[in-house]
Amino acid sequence: MDIPIDNYQWHEFFPNVTHNMGIVIAIWAPIVLVYFMDAQIWYAIYSTLFGGIHGAFSHLGEIRTLGMLRSRFEAVPSAFKNRLAPPAKDESERENKENLFPRKAIAKFSQVWNEFIYSMRMEDLISNRDRDLLLVPYSSSEVSVVQWPPFLLASKISIALEMAKDFKGKDDGDLFRKITSDDYMRSAVIECYETLRDIIYALLELESDKMILRNICYEVEQSIEQGRFINHFKMSEQPQLSEKLEKFLKLLLAESEHFSEPQIINVLQDIMKIITQDIMIDGHKILESTHHAEDGKTEQRFERLDFPLMLNKSWKEKVVRLHLLLNVKESAINVPQNLEARRRITFFANSLFMNMPKAPKVQNMLSFSVLTPYFKEDVLYSEDELKKENEDGISTLFYLQKIYPDEWTNFLERIKDVIKDSKEENREKEKMEFIRLWVSYKGQTLARTVRGMMYYKQALERQCSWNSLTMMLFFLAIGTLSYFLIIRLFKIVHKPWLI
């Protein structure tokens, strides 16, 4: 570097320079830059390979689409229970010994999953139909199979009916193997049979009618057990029975102004007639035996029904679910249609398969606080602000209706059910309040942020409910004591004369 420059033509750019430092930098700078570019390229390649391998072993992105969710939904409840609701050691051993783990897992998973679906319905991301198709029934001992959400069982009943109608063999095993090869189809068929039996049996009032239904069910179960079902039942008449059942369930779910007791009785009588005369080979013997048992009475069967039972919420939920299983004949692959709802469902399901620590009990969790900056910000739009037009003649409400057309349709469907029981003079006012909230959640970041943070509260409450009752009473006592201490302190500081 200290060698003096005697006679260089190139250094004419720097005539007064006596050292070659600038030349060395000029020569080596491109090489160093290329080296850094190569290092960046190699780092990008390394990070891609390492990230992909590490993500694969960490189970990141296992469920990216709804199709992948359907294929792995059977494993979701157990993954949820292992990650977020792990049982105690003695409880886990008892569940494995008694083979209760699947039902226990679904029982806890269904609570959180249904809250998740209801929250998306309240945000109008899904419609009422999507909600009913996505809900997981709470575990019931009345059905012998696992009750999966209807969007997994859609079209399974119609496919099974087509298979039974077109079946030409004489061996029950071949038909049942085709049906049981699909676990979801098997679950749908068994659930429909048992649920329909329970619904009709609960409706009947006369013991003679209940006896007929018990004898029919006994004949069905004995025929399946002895392998003579096809010989004793005509499969070609199944579609006719399915149509009548759909009509029957639709009448049961009709609104009060369209509710017709005579129609329900007539359709139920048609159903029993199809079963005993068209489908069963020896169905008339059941009617005759019951007829003689009633000492020659000739009154028409299935006329007396327990219609007040239709006000029972749990019974109504059974009817709604059975109607969905029978009525949805097309594939529910596009449920839900909203992209944000799809993103949330896949993110929720995918997170359950990631390698992460198991959730501790609520009393062992670290507390946290959330600070949200707020300064002179409108949280809730007023009615005038909704209708105020800009220079282009477009109001805020009109703009959001065009940006979120499907959510606006879901919103109108939701508030229709909410305000229908209100007084006529208050409906418009209540509707405007709901519209203000809907627009504020779409257009105001703070309102959306507060709603999202409150989901943490609901999740902690749900997890706390799984803990022991003692801990719940402990938290309740602590909260009550804290409340009274705060009130006492307020009186001492601000209003000592109240003590």
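Predicted model: local features only at pLDDT ≥ 70, side-chain atom pairs only at ≥ 80, totals over all residues.
On the surface of the model, a nonpolar patch is formed by I27, W28, I31, V32, Y35 and F36, which together present about 680 Å² of accessible area. One of these residues, F36, has its place in helix α1, the helix that spans residues 21–57. The relative accessible area computed for F36 is 52%, and because the class of exposed residues begins over 50%, F36 is counted as exposed.

H323 is found in helix α16, which covers residues 313–327, and its relative accessible area comes to 17%. Since a residue is called buried when this value is under 20%, H323 is classed as buried. When neighbours within four places in sequence are left aside, the residues in contact with H323 are E246, L249, K250, L253 and V328.

Helix α16 also takes part in the lining of the largest pocket, a pocket that holds about 1,900 Å³ of space. Its lining is made up of 49 residues, and those that lie nearest the centre of the pocket are R131, D132, K316, E317 and V320. The elements that contribute two or more residues to this lining are α5 (101–122), α6 (128–134), α10 (183–203), α16 and α20 (405–419). Of the lining of the largest pocket, the largest share is supplied by α16, with 11 residues.

Definitions and conventions: Residues numbered from 1 in each chain as written. Heavy atoms only, no water. Patch = residues over 30% accessible without salt bridge, like charges linked within 9 Å, V, L, I, M, F, W, Y side chains within 5 Å. Areas by Shrake-Rupley, 256 points an atom, 1.4 Å probe, with all protein chains shown as cover. Salt bridge = Lys/Arg side-chain N within 4 Å of Asp/Glu carboxyl O. Helix = DSSP H or I, 4+ residues; strand = E, 2+ residues; numbered from the N terminus. Buried < 20%, exposed > 50% of the residue type's maximum accessible area, 1.4 Å probe, protein only. Contact = heavy atoms within 4.5 Å. 1 Å grid on protein atoms, 1.4 Å probe; cavity = no way out; pocket = protein on both sides within 12 Å on 5 of 7 lines; lining within 4 Å. Points joined across faces, edges and corners; volume = space filled by probe spheres on them.
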